[in-house]
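User: I have a model open and would like to go through it with you. Can we take it piece by piece?
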Amino acid sequence: MKRWPCWVLAFWSLVILGAALFDLHPDVIHLEQVLALPSQDAVLGMDDLGRSIAARVAVGAGVSLLVASLVTVVTLTVGTMIGLLAGYCGGWVDRVLMQVTDIFLAFPGILLAIAFAAVLGPGLGNLLLALCMTSWVGYARLTRAQTLSLRQRQHVLAAQSLGAPAHRIMFRHMLPLLAAPLVVEATYSIAGLVIAEASLSFLGLGIQAPHASWGAMLRDGVRYLLVAPHYVLVVGISLMSVVLAINVLGDQLRDAWDVRRAAD
Amino acid sequence: MIKRLLGVVPVVFGVLLLTFLLVHLVPGDPIEVMLGESAPMADRAKLRAELGLDQSLPVQFLHYLQALAHGDFGYSIHTRKPIADMLLIRIPATAALALCALAIAIGLGLPLGIIAALRQGKWQDGLATLSSLTLSAMPHFWLGPLLMLLFALWLGWLPVSGMSEPGSIVLPALTLGFGLAAILTRMTRASMLEVMNEDFVRTARAKGINEHKVILRHALRAALLPIVTVVGLQLGSLLAGTVITETVFGWEGIGRLLVESIEKRDYPVTQACVVVIALTYVVINLLTDLLYTRIDPRVRFAS
């Protein structure tokens, strides 16, 4: 029972793999089946253009995963570097870097990503750029806070007195101890990015038609809420299952590794 | 306290600089993007001069700051109206929505969190934890349509969207409030559990005070401290949440204005909305910090 988040994520991995290996025809239009309810022909029904919702949800899952993982890899790397640098160097480097993160943190939630995506224009590349520009802050803060306390540890002081260069201390002596909190933070952040990508696509700022994305599907679905509630329900439940599973997985990792979140 | 107040200055400056630079991030010529390729040269030159884009960046920024200090946000390219007037109409709508959502969140989250903590490990705790987990996995653009489907379309109790009827605010406020209530439930539960093991709670019980008083007067008061911070921080996120929620429900607030301006490529309006939301967030965070130092005796006496 405790393993259910893994099973849910395994299911979605298989779906994504399936959508990547086989052509599910997510863009094929069946005008005679517009907004058809789930039936034998169409497992999860059809959308407003008579395209298979099941196929589009599968393709959309892939887009979600692609965006979330790419952005996580980039921002985790950049954010950790900035946090290590600020925490280890201290002084004016720390002050300048933290001032910059403070400014980014002054924009609530997804607002800055919306603003960036709005001026950059829609599309996958700009979506990735907008999310990358706004998602590194959490890692930087977390890494800095952890680095500050690690700096006083015996093994770091020992390495310093033996004359180890700064980069060696940061990467060999500090980074491994940062891994657990960073992985927990990254897990939560992946769930956040799945929502962020869908939010931007929902607002028409992310993935553009005819490509499938969960956010855009939800936006289309809301228009046909009365005649075809299955459209919104299928996409919404898919999204919720992924986010819930990742969040619970994050909680489990946090408890297992005894990590206190920076946000707590 | 003075230090905290001074600390806000560079943040505000940075926020203004970043939002000012936003328009300069537009790929290509922002004038062409806003007016379209077929716009006559005279119009383009006029708009360029009006937005000050023909001057150097530092000069432009200085003018931008000067105008903002006078409450002048410039003109909308689309409607030609002063943006300040548009904001004045929209801000009360968003404020009403955010406050209703906050009331729902506190009214729901606090009691649920307390009950979950007092019944730790029992079914009430399980139910509260499960519902808060589920709700926090429901973004506004999914919870909103779900509530709309249930209460407006199927049950017909509430209006679907718009803001003409008095009941119109209920669904968007619930959409915004539920997510925050989920976070509050979890925070209250954790905070109460921590406090209930403290010595002063045991002392209060040992004195023979009845359990209700121990919980409400002694434990909850101490447990509220971290919760105040969370409410403050989350009130800001609520503002970001209005962008989506107002879009879903056609609520004519500042979030909807932001989305409309993006759709029309009316960048001065986009810029103004972002500045107003971000600065409100900064002010709320500042107030939360100051409030925190007022109500926590440990912090108050330490400083």
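**The annotated span and its surroundings**

Analyst: Residues 91–288 of chain B have end C-alpha atoms 21 Å apart, and the span is 82% helix and 0% strand. Helices (H or I, at least four residues) and strands (E, at least two) are DSSP runs, numbered from the N terminus. This is a predicted model: local features need pLDDT of at least 70, side-chain atom pairs count only at pLDDT 80 or more, and totals for chains, interfaces and linings use all residues. Residues are numbered from 1 along each chain as its sequence is written, while chains are lettered from A and ligands numbered from 1 in the order in which they are written.

User: What does UniProt call residues 91–288 of chain B?

Analyst: The unreviewed UniProt entry annotates them as "domain: ABC transmembrane type-1". Positions follow the numbering used here, feature names are shortened, and annotations may be inferred rather than shown by experiment.

User: OK, and how is chain B divided?

Analyst: Into domain 1 (2–69) and domain 2 (90–295); the bounds come from an automatic or database domain assignment. The C-alpha centres of domain 1 and domain 2 of chain B lie 34 Å apart.

User: How many residues of domain 1 of chain B are in contact with domain 2 of chain B?

Analyst: 14 residues of domain 1 of chain B are in contact with 11 residues of domain 2 of chain B. Contact means that the C-beta atoms, placed from the backbone, lie within 7 Å.

User: Which helix gives the most to that side of domain 1 of chain B?

Analyst: Helix 1 of chain B, with 8 residues. By class, that side of domain 1 of chain B has 12 nonpolar, 1 polar and 1 charged residues. Ala, Val, Leu, Ile, Met, Phe, Trp, Tyr, Cys and Pro count as nonpolar, Asp, Glu, Lys and Arg as charged, and the others, Gly among them, as polar.

User: Switching to chain A. How many residues of chain B are in contact with it?

Analyst: 41 residues of chain B are in contact with 33 residues of chain A. Helix 10 of chain B supplies the largest share of the chain B side, 9 residues. That side has 33 nonpolar, 8 polar and no charged residues.

User: Back to helix 10 of chain B. At what angle does helix 8 of chain B cross it?

Analyst: Roughly 160°, with the axes coming within 8 Å. Axes are lines fitted to C-alpha atoms, for helices over the stretch in contact, and angles run from 0 to 180 degrees between N-to-C directions. Therefore helix 8 of chain B is roughly antiparallel to helix 10 of chain B (the term applies to angles over 145 degrees).

Notes: Contact = placed C-beta atoms within 7 Å. Parallel < 35°, antiparallel > 145°, perpendicular 65-115°, else oblique.
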